[in-house]
Amino acid sequence: MTQKEKKLLIGNGAVARGLYEAGCVFVSSYPGTPSTEITEEAAKYDEIYAEWAPNEKVAVESAIGASIAGGRAFSGMKHVGLNVAADPVFTVSYSGIGAGLVIAVADDQGMHSSQNEQDSRNYAIAAKLPMLEPSDSEECLRFTKRAFELSERFDVPVFLRLSTRVAHSQSIVTLSEREGVALAEYTKNAQKYVMAPANAKVRRVEVEKREKALREFVNTSDLNKIEWGSRKIGIIAAGIAYTYAREALGDNASYLKLGIVNPLPDKLIAEFASQVEKLYVIEELDDIIETFCRKIGAKVEGKSLFSFIGEYTPGMIRSKILGSEPAAALPADVPVRPPVLCPGCPHRGIFHVLSKMKLTVSGDIGCYTLGASAPLSAMDTTICMGASIGVLHGMNVVRPETAGKAVAVIGDSTFIHSGITGLINLVYNKTPSTVIILDNSITAMTGHQQNPATGLTLKNKPAPAIDLEAICRAVGVKRVRSVDPFDLKGVEAALKEELAADEPSVILARRPCALLKTVKRNKPLAVNAVKCVKCRMCMRIGCPALVMGEKAMSIDPSLCVGCGLCIQLCRPGAIGGNDSE
Amino acid sequence: MNNVYNIMIVGVGGQGSLLASRILGSVYMSKGLDVKVSEVHGMSQRGGSVVTYVRAGDKVESPLVPAGEADLLISFEELEALRWVHYLKKGGTVAVNTQQIYPMPVITGAAKYPDGIIGRIMESGVKCIAIDAASIAAEAGNQKASNVALLGAASGITGVDQSVWEEAIRQTVPANFVDVNLKAFALGKAAADKI
């Protein structure tokens, strides 16, 4: 490789490259869109130890350990993953680090693949940690390396904040060689790393000293920069919003481009504000920069023009600031195309039975959240990773009379992430609740990551596969059974028995994800138009391959994988192999 | 940013827009231009409407193509072409695969799949290249190469040499699928040339 090789990388790939070049030796993460590829790409470097942890809390704790032991360490997660990891994060802010520790958090403005759109900058403020925010792949690479330097200079874990558009947009980066960083020495230092009250009180003072030093640093750091254009309009922005503003306004404005979004630079902002006629803050989600500007007495406009909700666009900025006309709109008669469970998805059979039995379904986070969509419509709640079991428990305590008509559904990876403690609670506090673990042998939604139950590591090395059935029995569930989700009658019979039982039970619905390369696809099925009576029974499973024709149902052969669920629903026996036409 | 060439690739999750966008990114990077490509991952990929943006020029700021500024819209499905055609600038081009995949609201009867989409697009004042990419790809040896067949159909209006496209395909596609994809590209280009 030459020193100046250029490559087109997604932001996440560029962060991974930054980890490599920074001499990072340890990566531990849990998958979550839009952060997943950082860790997948980091795993491709032999020099980096990289693993999937069962959840974000374990991942961050492991990275803390690696850092204290003297290795540059990293953990990456989506915004809601930081909620799970928040406990260690808030206290490692006190203890500080051994070698550089960087935590990437990817926000999902617009909720492309998330249950909320919280602004992770609030965590940086609350935990008193510096946060860098790149706006393209080149900065993803460079800021990752700078984050390690800052981490070691100020003895502090450093956040790297991404957004869906930065994480998943490719742009050109210039590659460099890996820095040779030897492990920092480890010496026992209980005053620094044992955060019992006596030590923590001492570290608390250090945190404020560090904050003061960081607030000075950000005023002069080259990570924050002013770009002069017309001084009639001044824009303060960071990350993806900065690129939208530049696209919209070009040289018709001057920019204070913030690379560090916590702490914010008071003197630099005041200087910029004094030299432009009209000042705007363009920030997606919360009004953090704007509020800070007002606090230091700078007159700005921000959320009076721009929404707290969702993503911005260059067109939106142009029309709000320059008053230009918005572009033409979408034709009115274009039906929406929401995501659906894939043809051959093993979850479809379960949700069909749940829908048919009219059960209350406490749902969870994964592909199977799509079981909430019509026509299956078989989900009553979805809150966060692992919540399904706790929510069901609460429902069943308050309404014991309906416990026999309610279930929780949770995926294999989600169960390991944070469902196990919920199951322990069912046993300990004795609700006769029925939990279905949808075991499709992979973490599917985020794009097929291994997990502790699959028997492979992130680097595709063999690992002991956690036995889900044994875990359920070990925590005290006596009724544990397996079903094939494609056997609709079998699923219904098992559910009836377990719902009638007067104690907690777990049904393991086992069949691998239809998109796994190891799963055999059957020949597409076809409808016998003579036998089809258009009763629409088959349409109840919500399969995208089944289409209502003029005279009969038909099956799209480019989509059908021959799973056979529709055959089980077809009373006239009109659906069969290709030869039945 | 008038010198930026704006392409959108739209379709249904799972149709191969990620590969098509990577080929396009490689094409424009090899021409020494600044390039940004915005991909879609996660839940929206599961059979939902997906849109990928490819932008190339001296300097590209936003990875998103602003509405009304796309030069070329490549659509793997008819309804998706209609959904995004208003992103084209005047005189822009749609390259569309004449495949119809019904979205769930149409399947359940809650909505109707619009009639005469290709005609409507043609009437809207943009250039339209409509080909049956799936059949062309099948002829090339693998129906899954329909994304590359459609790229072939669209390639003519980009003004980029065929050899640049072919090199990008070689660099992007797994080795054992290169030949079938090169063939699909050539057949797609030939189909568009006949229109």
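1. Met111(A) sits in the loop that links strand 5 (101-107) to helix 5 (121-127) of chain A. Helices (H or I, at least four residues) and strands (E, at least two) are runs assigned by DSSP and numbered from the N terminus. The phi angle of Met111(A) is near 50°, which is positive although the residue is not glycine. Met111(A) counts as partly exposed because 14 other C-beta atoms lie within 10 Å. The cut-offs are these: a residue is buried if 20 or more other C-beta atoms lie within 10 Å of its own, exposed if 12 or fewer, and partly exposed in between, with C-beta atoms placed from the backbone.

2. This is a predicted model, in which local features need pLDDT of at least 70 and side-chain atom pairs count only at pLDDT 80 or more, while totals for chains, interfaces and linings use all residues. Residues are numbered from 1 along each chain as its sequence is written, and chains are lettered from A and ligands numbered from 1 in the order in which they are written.

3. Arg536(A) also has a positive phi without being glycine, here near 70°. Its place is the loop between strand 19 (526-527) and strand 20 of chain A. Arg536(A) has 14 C-beta neighbours inside 10 Å, so it is classed as partly exposed.

4. Two cis peptide bonds should be noted. One runs from Thr33(A) to Pro34(A), with omega near 10°, and Pro34(A) belongs to the loop between strand 2 (26-29) and helix 2 (36-42) of chain A. Another runs from Asn262(A) to Pro263(A), with omega near -10°; Pro263(A) is in the loop between strand 12 (260-262) and helix 11 (266-274) of chain A.

5. On the chain as a whole, chain A has 19 helices and 22 strands. Of its 581 residues, 52% are buried. The C-alpha atoms occupy a box of roughly 75 × 60 × 55 Å along the principal axes. Among contacts in chain A with a separation of 6 or more, 75% join residues 24 or more positions apart. Two residues are in contact if their C-beta atoms, placed from the backbone, lie within 7 Å.

6. Strand 18 (residues 505-510) of chain A pairs with strand 16 (residues 434-439) of chain A in the parallel sense, over six bridges. Strands pair if DSSP finds at least two bridges between them. Strand 17 (residues 479-483) of chain A is also parallel to strand 18 of chain A, with five bridges. Leu508(A) in strand 18 stands opposite Ile437(A), and Ser482(A) stands opposite Leu508(A) too.

7. Where does chain A touch chain B? In all, 47 residues of chain A contact 42 residues of chain B. Strand 1 (6-10), strand 8 (169-174), helix 10 (239-249), helix 13 (314-322) and strand 20 (546-548) of chain A each supply at least two residues of the side that touches chain B. Strand 8 of chain A is joined by three bridges to strand 2 (residues 34-38) of chain B, and the two run antiparallel. Within that pairing, Ser169(A) has Ser38(B) as its bridge partner.
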